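Q: I am new to this structure. Please take me through one part of it closely, then show me how other parts compare in their details.

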Amino acid sequence: MSTAIRDTTAAYDVAAIRADFPILATRVYGKPLVYLDNAASAQKPRQVIDAERDVYERCYANIHRGVHWLSVHATDAYDAAREKTRRFVNARDTREIVFVRGTTEAVNLVAQTYGRKHVGPGDEVLITGLEHHSNIVPWQMLCEQTGARLVVAPIDDAGDVDLDALERLLTPRTRFVSVAHLSNALGTVLPVRAIVELAHARGVPVFVDGAQAAPRMPVDVQALDCDFYAFSSHKIYGPTGVGVLYGKAELLEAMPPYQGGGDMIRSVTFEKTTYNALPFKFEAGTPNIAGGIAFGAALDYVSAIGLDRVAAHEHGLLAHATTTLSAIGGLRIVGTAREKAGVLSFVLEGVHPHDIGTVLDREGIAIRTGHHCAQPVMDRYGLPATARASFGLYNTRAEVDALAAAIHKVIGMFR
Amino acid sequence: MSSDLRDLYQEVILDHSKRPRNFRAMPDADRQAEGYNPLCGDRETVFLGLDGEVLKDVSFQGAGCAISTASASMMTESVKGKTRAEADALFERFHDLITGKPGAPSGPELGKLEVFSGVREYPVRVKCATLPWHTLKAALNGAAAQVSSESEGPAAESGGA
């Protein structure tokens, strides 16, 4: 399996990085593809595509069960991906790394195991006004099941979470806090470390939805001291259908299993089943083996470039885009938080985001338009939708300029 | 603008989207229904004044993209004074037009609604054009529930951030 090895002291070579992503050579309606929808899903480098194909061509079998050569090799490769993940988020132990289908499944897992065990009638689960639907709905479902109440810490006009309000909303009834690390709709970076401190001071555990942050900034779960952290492979240049739930071992140990089935058991009789050790207790059924191994290749890929360098590159793109787009008459950037990363939401006076999206598409530019699975954020701003450009490690300043030029075309057409 | 975008955003459509006709609430409406497109957040309410089987007045209000706003505006002009059966037949014909189906030869004349023929090249925008029509149909049927453009086909947006 190939791995990108780069000198991390060298200049950020975006051309070399782009050459790793075959899809970036695509032409759309005769124009070069400008892919600015990375917050929805990121494209895959050759190294990841090769890794997945390699599994099926050279070392595929079911894992954790066979005595035969192929199964042993597949198991080794899958376990290696777990170790890569541990290192990537700086967890203490691979027992704390549970492979799931994606961030959404991780939230549901924690809500239905930890939540069902510890949240009861009259209790409160605290989230923020910035959350993606997948960090709202599983908690709403838990509240419906248990008679608990979902409490929402408000955001201000800039798109920052009101930390004082959040602190006031931490009450003796608060049993759990779940927050995004980076808002998919506005690009706000949340002060997760501060939120964890506030919650822990009251003995309340914190789940962090890292779906947008993990591809865009270094993540250290020990430094954050969060109790759970989740992210998805497909947003960090890996395959779809793979995700990570990090949980502190002592919490995971005490949680009941999520789904029952193979691999999550130690022994089964019709009278009694004993569950497997961590993390397998939460991994019922044959997992996405090739996807998991290729996810490991994706982590190798971004780690070889360096998340700090990716963050700096995307920060440069966001700053350039903010300056360039702000200068366009009638364009308003939605979300002006103190600290932002990777995501730029905007509206254009007199033009619906859906129409912006269609015109940009014909220019070869892929952006997201709509509510970004964060309808409460849209409601907060009184908007039905926004247009959103979101950056990846392969985007360039020239692509930002192409976006700005295309927005001028939109204006010419609709004004 | 490239020529194919001009097929979608024809002058008549741009005009109706900027200056929608019959864009008003109808306090004494006999029927009304709200349509919603979760893909783009469009919401529009269609109001109906009925005289027996005849749509004697039709209006709408709401916020939407250029295609759905123009479609609603031109729909109100097209169906006003028609019977329910005529409005249904017109929708069917309109639907065939924007999805690229040949359409029954005996169907009604679409008239100005022909400007929406370009939508067939933009399958993701079909729901925008049909939203007001689905909403009109719901109002005619007296359905209380909100109409979703998702009745048009497979779910457009269920996740993905």
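A: Both faces of strand E17 of chain A are covered in this predicted model. A:Thr386, A:Arg388 and A:Ser390 are buried on one side. A:Ala387 and A:Ala389 are buried on the other. The strand spans residues 386-390, and five of its five residues are buried.

Now look at the partners of E17(A). Strand E14 of chain A, residues 343-348, is joined to E17(A) by four bridges. The two run antiparallel. Within that pairing, A:Ser345 stands opposite A:Arg388. Strand E16 of chain A, residues 368-370, is joined to E17(A) by three bridges, again in the antiparallel sense. Here A:Thr369 has A:Ala387 as its bridge partner.

In general, strands of a sheet pair through backbone hydrogen bonds, either parallel or antiparallel.

Step back to the sheet itself. It is open, with four strands in the order E13-E14-E17-E16 of chain A, and the pairing is antiparallel. Its edge strands are E13 (331-334) and E16 of chain A, each of which pairs on one side only. From one strand to the next, the twist averages 30°. Four bridges hold the antiparallel pair E13(A) and E14(A). In that pair, A:Val334 stands opposite A:Ser345 of E14(A). A:Ser345 also stands opposite A:Arg388 in E17(A). A helix packs on the sheet too: H11 of chain A, residues 307-326, touches E13, E14 and E17 of chain A. The direction of H11(A) makes about 10° with that of E14(A).

Next, a pair of helices in chain A. Two packed helices are described by the angle between their axes and the distance between the axes. Helix H2 of chain A (residues 46-58) packs against helix H10 of chain A (residues 289-305) at an angle of about 150°, with the axes 8 Å apart. That makes H2(A) roughly antiparallel to H10(A). Their crossing is right-handed. The residues of H2(A) that meet H10(A) include A:Gln47, A:Ala51 and A:Val55. Those of H10(A) that meet H2(A) include A:Ile293, A:Ala297 and A:Tyr301.

B:Ile13, B:Leu14, B:His16 and B:Ser17 make the contact from H2(B). From H3(B) come B:Ala66, B:Thr69, B:Ala70, B:Ser73 and B:Met74.

H2(B) covers residues 11-18, and B:Ile13, B:His16 and B:Ser17 in it are buried. They lie on the same side of H2(B), because they cover an arc of only 100° around the axis. An α-helix has 3.6 residues a turn, so residues three or four places apart point the same way. Helix H3 of chain B, residues 66-79, is included in what covers the buried residues of H2(B).

Along the sequence, the pattern is α-α-β-β-β-α-α-α-β. Of the 161 residues of chain B, 42% count as buried. Take the contacts in chain B between residues at least 6 apart in sequence: 61% join residues at least 24 apart.

Back in chain A, some single residues deserve a look. A:Asp209 is found in strand E8 (residues 206-209). A:Asp209 is buried because 31 other C-beta atoms lie within 10 Å. Leaving aside neighbours within four places in sequence, the contacts of A:Asp209 include A:Thr103, A:His132, A:Asn135, A:His181 and A:Ala230. A:Leu251 is 42 residues from A:Asp209 in sequence and 17 Å away in space, C-alpha to C-alpha.

Finally, the backbone. Most residues other than glycine have a negative phi, and most peptide bonds are trans. A:Tyr237 has a positive phi, near 75°. A:Tyr237 lies in the loop between strands E9 (228-232) and E10 (243-247) of chain A. With 27 C-beta neighbours inside 10 Å, A:Tyr237 counts as buried. A:Asp263 also has a positive phi, of about 75°. That residue, A:Asp263, sits in the loop between helix H9 (249-254) and strand E11 (265-268) of chain A. A:Asp263 is partly exposed, with 17 other C-beta atoms within 10 Å. The peptide bond from A:Leu278 to A:Pro279 is cis, with omega near -5°. A:Pro279 belongs to the loop between strand E12 (273-275) and H10 of chain A.

Terms used
Residues numbered from 1 in each chain as written. Chains lettered and ligands numbered in written order. Predicted model: local features only at pLDDT ≥ 70, side-chain atom pairs only at ≥ 80, totals over all residues. Buried ≥ 20, exposed ≤ 12 C-beta atoms within 10 Å, placed from the backbone. Arc of directions from axis to C-beta. Contact = placed C-beta atoms within 7 Å. Pairing = 2+ DSSP bridges. Axes fitted to C-alpha atoms, helices over the stretch in contact; angles between N-to-C directions. Parallel < 35°, antiparallel > 145°, perpendicular 65-115°, else oblique. Left-handed = near helix turned anticlockwise from the far one by under 90°.
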